[in-house]
Amino acid sequence: MNIVKLVDLLSIIKPIQDNKSFVLLCLIGAALIFLVGTVLVIRHYYSARFQLKKKLYQNTEILDLNSTINNMFCAKELYDSLKGKCHPDNFSTDLEKFEKATTIFSLLVKSKYNYNALLALKEKAENELGINL
Amino acid sequence: MPWINVWNNIINWFSERTERGKLIRSFNTAAREAFVAGVAPTMLKASMSKGNKEYRHQFSAWINTGFRLQALSGRPLPKKEMQIIGQAILNDVVLVRRLVALGWDTLEIHDDAGIYGCRWKLIDYISIGGMLE
């Protein structure tokens, strides 16, 4: 039974192996696919769309991931300390400082998770309100 | 020609995939450096996840639409701490826009010990459509 099967398979394979034009066709097909692929890649690389995208990526703002990490772990502590010190109620006797504290406090709430902005506000509060953190 | 569009879609998919990988790698590097320098008490690890189907938008990628941050804290993080980490990401509009443009639609914060995590729909935090109002 097995011998019969092997013979059957050989009868299929042999004509294919003998057929040199089949191999040639395969080679031509592969060469054509490679050629078309290369042309498409070159075409894409020099296309206006690709160049525009490249230019856009160059001009985009660079992500500052270090400051994002700082925002996660350092902003809360600084915000809490500033929140207590800069609250307008602490300056209810001095009208000028009260207004400044109100402005600083509103900015403080807006930049609750922005460590760099909080640092700038800390400096501003120290200068304008005379607080010491 | 339709085949040009198909070709462009294939190229775009590959380039977006590269950009996604680059963003994850640079985030992990920044998190590792912050942890080593003592800025961050917890090491964060970014990865891609399945995402939430309900949060899909028109720029969502085919697969892996979740941006997952895993906090390697060694203890279950309380919800408040996860929210602080999440809000720090969501308040960085440039980063959120970049995440959305690269095909992510879900932000996930997890810890390494607990069972629960937090999820946000990214498209709600990119501040777009201002001119439409």
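User: What should I know about the model before I start?

Analyst: The model is predicted, so local features need pLDDT of at least 70 and side-chain atom pairs count only at pLDDT 80 or more, while totals for chains, interfaces and linings use all residues. Residues are numbered from 1 along each chain as its sequence is written, chains are lettered from A and ligands numbered from 1 in the order in which they are written, and side-chain values use heavy atoms, with hydrogens and water left out.

User: How is a pair of aromatic rings described?

Analyst: By the distance of the centres and the angle of the planes. Rings of Phe, Tyr and Trp (its six-membered ring) pair if their centres lie within 6.5 Å; planes under 30 degrees apart are stacked, over 60 edge-to-face, and the rest tilted. Over all chains, the search finds five aromatic pairs. In one of them, Y45(A) and Y46(A), the centres are 5.3 Å apart and the planes stand at 90°, so this pair is edge-to-face.

User: Which class does the pair of W13(B) and F14(B) belong to?

Analyst: With centres 5.2 Å apart and planes at 80°, W13(B) and F14(B) are edge-to-face. W13(B) is partly exposed at 30%, and F14(B) is exposed at 51%. Together with W62(B), these two residues form one aromatic cluster.

User: What lies over the face of W104(B)?

Analyst: A charge sits over a ring if NZ of Lys or CZ of Arg is within 6 Å of the ring centre and within 35 degrees of the ring normal. Here R20(B) lies over W104(B), at 4.6 Å from the ring centre.

User: How many residues does each chain give to the contact?

Analyst: Contact means heavy atoms within 4.5 Å. Chain B gives 31 residues and chain A gives 21 residues.

User: How much area is buried between the chains?

Analyst: Buried area is the accessible area (1.4 Å probe) that two parts lose on being put together, summed over both. Between chain B and chain A it is about 2,400 Å², and carbon and sulfur atoms give 71% of that.

User: How many salt bridges cross the interface?

Analyst: A salt bridge needs a side-chain nitrogen of Lys or Arg within 4 Å of a carboxyl oxygen of Asp or Glu. The rule finds zero between chain B and chain A.

Methods. Buried means under 20% relative accessible area, exposed over 50%, partly exposed in between (1.4 Å probe, protein chains only).
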